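Please look at the sequence and the model together before reading on.

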Amino acid sequence: MPKFLRFQSAVPNRRGVFPGVFALANGLAYAGTLSSSDHQWWQVTNAHGEATWTDPSTVDPSCYDRDLNPGAVSWFKTDATALIAMCRGYLDLLDRYDVPWVELRTDHPGGSSTRTRHR
């Protein structure tokens, strides 16, 4: 079984990047697309996530710097079951708003990966 998992857009954005699950959900919220109940869920769930798990960019602000680390993306360890379970809610949100996404699995982030599900 692969050791790492990533949920990302099925299509690249205007910069050719495939945003991850949280960026996709945040984009819907910031664009004002979410219903009031979905927006409230997003706020509560984001707050829970920020209080529970460390955002890598708060440890190293340059980790996603496009010049220093082009192509840097985050992967979840497959044994991070609570975090992955939280992601399922975000994926349901993306499905409700017809945002296409894929699930990638790999043993070596930055190497080859297997697309295991897509919407």
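Is Asp 98 buried or exposed? Asp 98 counts as exposed, because its relative accessibility is 57%. The model is a predicted one.

**The nonpolar core**

- The largest nonpolar core consists of 20 residues, and Phe 7, Val 21 and Leu 94 have the most contacts inside it.
- Two or more residues of this core come from each of strand E1 (4-9), helix H1 (21-30) and helix H4 (81-96).
- Helix H4 provides the largest share of the core, with 8 residues.
- Setting aside residues up to four places away in sequence, Leu 94 touches Val 21, Leu 24, Ala 25, Leu 28, Val 99 and Trp 101.

**Helix H1 and what follows it**

- The buried residues in H1 are Val 21, Leu 24, Ala 25, Asn 26, Leu 28 and Ala 29.
- These buried residues of H1 pack against E1, H2 and H4.
- In an α-helix there are 3.6 residues a turn, so residues three or four places apart point the same way.
- Asn 26 has its place in helix H1, and Asn 26 counts as buried because its relative accessibility is 18%, which is under 20%.
- Beyond residues up to four places away in sequence, Asn 26 touches Trp 42 and Asn 46.

- Pro 19 lies in the loop between E1 and H1.
- With a relative accessible area of 18%, Pro 19 is buried.
- Apart from its neighbours within four places in sequence, Pro 19 is in contact with Arg 6, Gln 8, Ser 9, Val 11, Asn 13 and Leu 24.
- Pro 19 and Ser 74 are 55 residues apart along the chain, and a distance of 10.0 Å separates their C-alpha atoms.

**The largest pocket**

- Rolling a probe the size of a water molecule over the atoms shows where empty space is left.
- The largest pocket holds about 1,300 Å³ of space.
- This pocket is lined by 36 residues, of which Phe 22, Ala 23, Asp 55, Tyr 64 and Ser 74 are the closest to its centre.
- The elements that contribute two or more residues to the lining are E1, H1, helix H2 (36-52), helix H3 (56-59) and H4.
- The largest share of the lining, 4 residues, is given by H1.
- By residue type, the lining of the largest pocket comprises 18 nonpolar, 12 polar and 6 charged residues.

**The cysteines**

- How many disulfides does a search of the whole structure find? The search of the whole structure finds 0 disulfides.
- The closest cysteine sulfur to that of Cys 63 is in Cys 87, and because the two are 17 Å apart, they are too far from each other for a bond.
- Cys 87 is likewise in no disulfide, since the nearest cysteine sulfur, that of Cys 63, is 17 Å away and a disulfide requires sulfur atoms within 2.5 Å.
- Cys 63 counts as buried, because its relative accessibility is 16%.
- Cys 87 also counts as buried, at 0% relative accessibility.

**Two alanines**

- Where is Ala 72 found? Ala 72 is in the loop between H3 and strand E2 (76-77).
- A relative accessible area of 32% makes Ala 72 partly exposed.
- Leaving out neighbours within four places in sequence, Ala 72 is in contact with Cys 63 and Tyr 64.
- Ala 72 and Pro 109 are 37 residues apart in sequence, and their C-alpha atoms are 9.7 Å apart in space.
- Ala 82 belongs to helix H4, and Ala 82 counts as partly exposed at 48% relative accessibility.

**Asp 98 and its backbone**

- Asp 98 is located in the loop between H4 and strand E3 (101-106).
- Most residues other than glycine have a negative phi.
- Asp 98 has a positive phi of about 55°, although it is not a glycine.

Conventions: Residues are numbered from 1 along each chain as its sequence is written. This is a predicted model: local features need pLDDT of at least 70, side-chain atom pairs count only at pLDDT 80 or more; totals for chains, interfaces and linings use all residues. Side-chain values use heavy atoms; hydrogens and water are left out. Buried means under 20% relative accessible area, exposed over 50%, partly exposed in between (1.4 Å probe, protein chains only). A nonpolar core is a set of buried Ala, Val, Leu, Ile, Met, Phe, Trp, Tyr and Cys residues joined through side-chain atoms within 4.5 Å. Contact means heavy atoms within 4.5 Å. On a 1 Å grid over the protein atoms alone, a cavity is a set of points where a 1.4 Å probe fits but cannot get out, and a pocket is an open set with protein on both sides within 12 Å along at least five of seven lines; lining residues have an atom within 4 Å of a point. Grid points are joined across faces, edges and corners, and a volume is the space filled by probe spheres set on the points. Ala, Val, Leu, Ile, Met, Phe, Trp, Tyr, Cys and Pro count as nonpolar, Asp, Glu, Lys and Arg as charged, and the others, Gly among them, as polar.
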